[in-house]
Amino acid sequence: MWEEMVLRYSKEGDTILDPMSGIGTTLIAALMGRNVICVELEQHFVDPMRRSWEKMRQMPMLGFEMGSVVIIRGDARCLP
């Protein structure tokens, strides 16, 4: 379902901000050519998200350029 939302509401090269990323489901958008900024307050979510991204980036999706990813540990209420 998330894949369809990304494809329907964004295009390659767009940037997607997920201000409360949790475990990082939005990272899948980077495999579909979108740039992704994930912000998460809780360190116990940030660490697994970073590990997941390291694995995911080794398996690009056919037909898409890899987007960039920024993972920030921070408070969504105080974004710069």
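In this briefing a residue is called buried when its relative accessible area is under 20%, exposed when it is over 50%, and partly exposed in between, with a 1.4 Å probe and protein chains only. Asp 14 counts as partly exposed because its relative accessibility is 23%. The structure is a predicted model, in which local features need pLDDT of at least 70 and side-chain atom pairs count only at pLDDT 80 or more, whereas totals for chains, interfaces and linings use all residues. Residues are numbered from 1 along each chain as its sequence is written, and side-chain values use heavy atoms, with hydrogens and water left out.

**Strands and their pairing**

- Helices (H or I, at least four residues) and strands (E, at least two) are DSSP runs numbered from the N terminus, and two strands are said to pair if DSSP finds at least two bridges between them.
- Strand E1 runs parallel to strand E2 (residues 35-40), and 4 bridges join the two; within this pairing Thr 15 stands opposite Asn 35, and Asp 18 stands opposite Cys 38.
- Strand E2 also runs parallel to strand E3 (residues 69-73), to which 5 bridges join it, and here Glu 40 stands opposite Arg 73.
- From E2 the chain crosses through helix H3 (residues 43-56) to E3 in a β-α-β crossover that is right-handed, a term that applies if, with the strands pointing away from the viewer, the path from the first strand over the helix to the second runs clockwise.
- The covered face of E1 consists of Ile 16 and Asp 18, while Thr 15 and Leu 17 make up the uncovered one.

- Asp 14 is found in the loop between helix H1 (2-9) and strand E1 (15-18).
- Not counting residues up to four places away in sequence, Asp 14 is in contact (heavy atoms within 4.5 Å) with Arg 34 and Asn 35.
- The side chain of Asp 14 makes a polar contact with the backbone nitrogen of Lys 11 at 2.9 Å; such a contact is a pair of N or O atoms within 3.5 Å, where within protein one must be able to donate a hydrogen and the other to accept it, and residues adjacent in sequence count only if both atoms are side-chain atoms.
- Although Asp 14 and Ala 29 are 15 residues apart along the chain, their C-alpha atoms are separated by 9.8 Å.

- A salt bridge is a side-chain nitrogen of Lys or Arg within 4 Å of a carboxyl oxygen of Asp or Glu; for charge, Lys and Arg count as positive and Asp and Glu as negative, while His and the chain ends are not counted.
- Asp 18, which lies in strand E1, is buried and has no salt bridge, the nearest side chain of opposite charge being that of Arg 34, 14 Å away.
- Beyond four places in sequence, Asp 18 touches Thr 26, Ile 37, Cys 38 and Val 39.
- Glu 40, which lies in strand E2, is likewise buried without a salt bridge, and its nearest side chain of opposite charge, that of Arg 73, is 7.7 Å away.
- The side chain of Glu 40 does reach backbone nitrogens, namely that of Gly 22 at 2.7 Å and that of Ser 21, which lies 3.4 Å from one of its polar atoms.
- Apart from neighbours within four places in sequence, the residues in contact with Glu 40 include Met 20, Phe 45, Val 46, Met 49 and Ile 72.

**Salt bridges**

- The count comes to 4 salt bridges, among them the one between Glu 4 and Arg 8, whose closest N and O atoms are 2.8 Å apart.
- Glu 4 and Arg 8 are separated by about one helical turn, because they are 4 residues apart in helix H1; Glu 4 counts as partly exposed at 47% relative accessibility, whereas Arg 8 is exposed, with a relative accessible area of 56%.
- Arg 57 and Glu 54 meet through their side chains in another salt bridge (3.5 Å, N to O), and with relative accessibilities of 45% for Arg 57 and 40% for Glu 54, each counts as partly exposed.
- Asp 75 forms a salt bridge with Arg 77, with the closest N and O atoms 2.7 Å apart; Asp 75 counts as partly exposed at 22% relative accessibility, while Arg 77 is exposed, with a relative accessible area of 70%.
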